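Visitor: I have not looked at this structure before, and I would like to go through it slowly. Could you show it to me and then take my questions one at a time?

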Amino acid sequence: MAQGLEVALTDFQSSRNNVRHHTQEISINRLIVRRGQAFSITLYFSNRGFQPGLDNIIFVTETGPLPDQAKGTQAVFSLTGRGGPSPWIASLETNGPTSLEVSLCASPTAAVGRYLLKIHIDPFQGSVTAYQLGEFILLFNPWCPEDAVYLDSEPQRQEYVMNDYGFIYQGNKNWIRPCPWNYGQFEDNIIDICLTLLDKSLHFQIDPATDCALRGSPVYVSRVVCAMINSNDDSGVLNGNWSENYMDGVNPAEWTGSVAILKQWHATGCQPVRYGQCWVFAAVMCTVMRCLGIPTRVITNFDSGHDTDGNLIIDEYYDNTGRILKNKKKDTIWNFHVWNECWMARKDLPAGYGGWQVLDATPQETSNGLYCCGPASVRAIKEGEVGLDYDTRFAFSMVNADCVSWLVSAGKEQKLHRDTSSVGNFISTKSIQSDERDDVTENYKYGEGTPQERQAFLKALQKLEARRSQGSLRAGSQPFRPTPRSQEDPRRLDTPSLRPSDVVQVSLKFQLLGRPNMGQDIRFVLLALNVSSQFKDLKVNLSAQSLLHDGSPLSPFWQDTAFITLSPQEAKTYPCTIPYSQYSQYLSTDKLIRISALGEEKSCPEKILANKIITLSYPSITINVLGPAVVNQPLSIEMIFSNPLSEQVADCVLTVEGSGLFKKQQRVLIGVLKPQHRARVTLKTVPFKSGPRQIQANLRSDKFKDIKGYRNVYVDFGL
């Protein structure tokens, strides 16, 4: 009888395998591979070499607490092919005197996660010897055509999987600004934190065996991650807060990256981090999904609808002064809203609806009992296919709901007008391998005012009506109430004014006089235009109030009344100024001010409404890199910043981070900055990763929270 093989050592060839599997940025000391792609290991024997005619080596891979072949969480496969078919494959590469190099390949549909690799050596005669070789991590594979997350463009894979920094667009549709963000998906321990996040989900807690078995599906994993980013149902990563009171946590505007958030969540025993808002939820989800291997990008939608009752209508209410009122239905138009798109096949949907999918981790409404949204096919949203899974109706309303304005006076509501194009503008994401903004609005809807766009809207209404009759609206939404729009002629494409467009005689419009900078007075004019052949006497009530970025109004702080007489075919401007001293104490962290005008003619009962949202801007932090950036060589970085206000600010803190440049986020206590004072700080670091990198910086004080800056840096590998 031949002596059984004895394994003395196993070499997982982590460095070589990880380079081939695009995971070397995570580690070169641990085996981290992607499914559907071969990796090599070497077995070293202590007594003799492998003999194909005598030895049968059976590999066993297991994931989860209850591995099961039937569920796909255990795979048993032979080097010689004996033992039946398996979705995992083992093949001989090199057979040495006392070593054996083997190629292993996971199924392209295998569950992702931590795996244990074992072998059973059966000499065909005698007893079986079992060895536990070690652990490895298996990820999704966008480079594998058989994987459901396959993306056939290498530049897109580099951007949406490998890039560890980017921009999140904020501001308003008239002033879009990039906010730099450190995703840091390859930083130390982030992969382990992401896998812990999966294990902390309610799905795993209730039925771990089934949860692990379903982790081969990007649709399932994306829904689990989406629910775990917020903490509304579980021990999720972030607490949301839109109250303007962040005393017991971090103001969402201060964050510059995901790494600090995920590490704090993990270090505190998975206690939710305080606080996040939509862009923070989306950024952290982007980090987790890219780390797991699912192509992901961050999307900003300006003038984003939040339709709470499922009728595709956003109702806005105004008083006689033009002030927007709190919405009793809680419908709102967010100044901007941020979500994710993840790339995956959708075999659960009809053909053609794979590709980019909307996932929104901001806790707004429930989906199947949990606060998550998606994946909803972007193409389904564009086509009005609101009956397709998951949460497509809600996603459709964010980009293509109609907005109806109402005047509330003496307890009565008067309909002012209906706007079919105000929701969903300049839908934005970072361009591929560029710092430019990419507008993807056409992916979500046909051009405003086109027959195709109105047909998609009417299709969505009809499908919602059909679902309502079947009692199958999204969990958490109110019953569908038909609106007059559902009976409107689809050829009537828009109603942009208070009266039909062919009889509008007087219009109002705001125009800024210069850029609205924080700390300075806001100067603007109200432009009144009379296109009729008659004189017009107008009384116009003007007001200004702060807004939160989710559209919630704060108390008004400025009001004025203008009396304007217009000759036939005449235009006049009414100048306005809001002093800094008047708006400063009322401003929210979002730095949003809504100016409104509600006009009326003496001879006409109809009202004329105009409004404009102003985002106040800060000067950016200037970042200078002093000298060449080389791996393992000291590097000095200079930060130049200023207090933009005409008053002293205190409690100033500068935070700086950058994946591959800093091991952890840097905090510099600045203290007091005098009015208009300019200061500079020099930091020293030692880059530890080569290639394109980005530095992100934020300055906060007792008067402002988010003066930002960034600088791209290319780090040479050196000798």
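## A guided conversation

Guide: In this predicted model, Cys278 touches Trp242, Trp334, Phe336, His337, Val338, Thr362 and His549, if neighbours within four places in sequence are left aside.

Visitor: In which helix does Cys278 lie, and is Cys278 buried or exposed, by its relative accessible area?

Guide: Cys278 belongs to helix 8, which covers residues 278-292. Buried means a relative accessible area under 20%, and Cys278 therefore counts as buried, since its value is 0%.

Visitor: Which residues carry the UniProt feature "active site", and what is the largest C-alpha distance among them?

Guide: The UniProt record, an unreviewed entry, places "active site" at Cys278, His337 and Asp360. Although these residues are spread over 83 residues of sequence, they cluster in space, and their largest C-alpha distance is 9.6 Å.

Visitor: Where is Asp360 placed, and with which residue does its side chain make a polar contact of 2.7 Å?

Guide: Asp360 sits in the loop between strand 17 (355-359) and strand 18 (376-377), and Asp360 is buried, with a relative accessible area of 0%. Residues up to four places away in sequence not being counted, Asp360 touches Cys226, His337, Val338, Trp339, Cys372, Cys373 and Met398. The polar contact of 2.7 Å joins the side chain of Asp360 to that of His337.

Visitor: UniProt also places a "binding site" feature at Asn400, Asp402, Glu448 and Glu453; why can they be said to gather at one spot?

Guide: That feature comes from an unreviewed UniProt entry. The four positions span 54 residues in sequence, yet they gather at one spot, because no two of their C-alpha atoms are more than 11.9 Å apart.

Visitor: In which helix is Glu453 found, and what is its relative accessible area?

Guide: Glu453 is found in helix 12, residues 451-470. Leaving aside neighbours within four places in sequence, Glu453 is in contact with Asn400, Thr420, Tyr446, Gly447 and Glu448. Glu453 is buried, and its relative accessible area is 1%.

Visitor: What is the relative accessible area of Asn400?

Guide: Asn400 has its place in helix 10, residues 392-400. Apart from neighbours within four places in sequence, Asn400 is in contact with Val423, Lys445, Glu448, Glu453, Arg454 and Phe457. Asn400 is buried, with a relative accessible area of 2%.

Visitor: Between which elements does the loop with Asn163 run, and which side chain is joined to that of Asn163 by a polar contact of 3.0 Å?

Guide: The loop that holds Asn163 runs between helix 2 (154-162) and strand 10 (165-172), and Asn163 is buried, with a relative accessible area of 12%. The side chain that makes the polar contact of 3.0 Å with Asn163 belongs to Glu159.

Visitor: Against which elements do the buried residues of helix 2 pack?

Guide: The buried residues in helix 2 are Arg157, Glu159, Tyr160, Val161 and Met162. The elements they pack against are strand 2 (32-34), helix 8, strand 14 (296-306), strand 17 and strand 21 (425-430).

Visitor: Finally, how far apart do the C-alpha centres of domain 1 and domain 4 lie?

Guide: The protein is divided into domain 1 (7-139), domain 2 (154-468), domain 3 (506-545 + 553-611) and domain 4 (622-715). Between the C-alpha centres of domain 1 and domain 4, the distance is 46 Å.

Terms used:
Residues are numbered from 1 along each chain as its sequence is written. This is a predicted model: local features need pLDDT of at least 70, side-chain atom pairs count only at pLDDT 80 or more; totals for chains, interfaces and linings use all residues. Side-chain values use heavy atoms; hydrogens and water are left out. Domain bounds come from an automatic or database domain assignment. Helices (H or I, at least four residues) and strands (E, at least two) are DSSP runs, numbered from the N terminus. Buried means under 20% relative accessible area, exposed over 50%, partly exposed in between (1.4 Å probe, protein chains only). A polar contact is a pair of N or O atoms within 3.5 Å; within protein, one must be able to donate a hydrogen and the other to accept it, and residues adjacent in sequence count only if both atoms are side-chain atoms. UniProt positions are given in the numbering used here, feature names are shortened, and annotations may be inferred rather than shown by experiment. Contact means heavy atoms within 4.5 Å.
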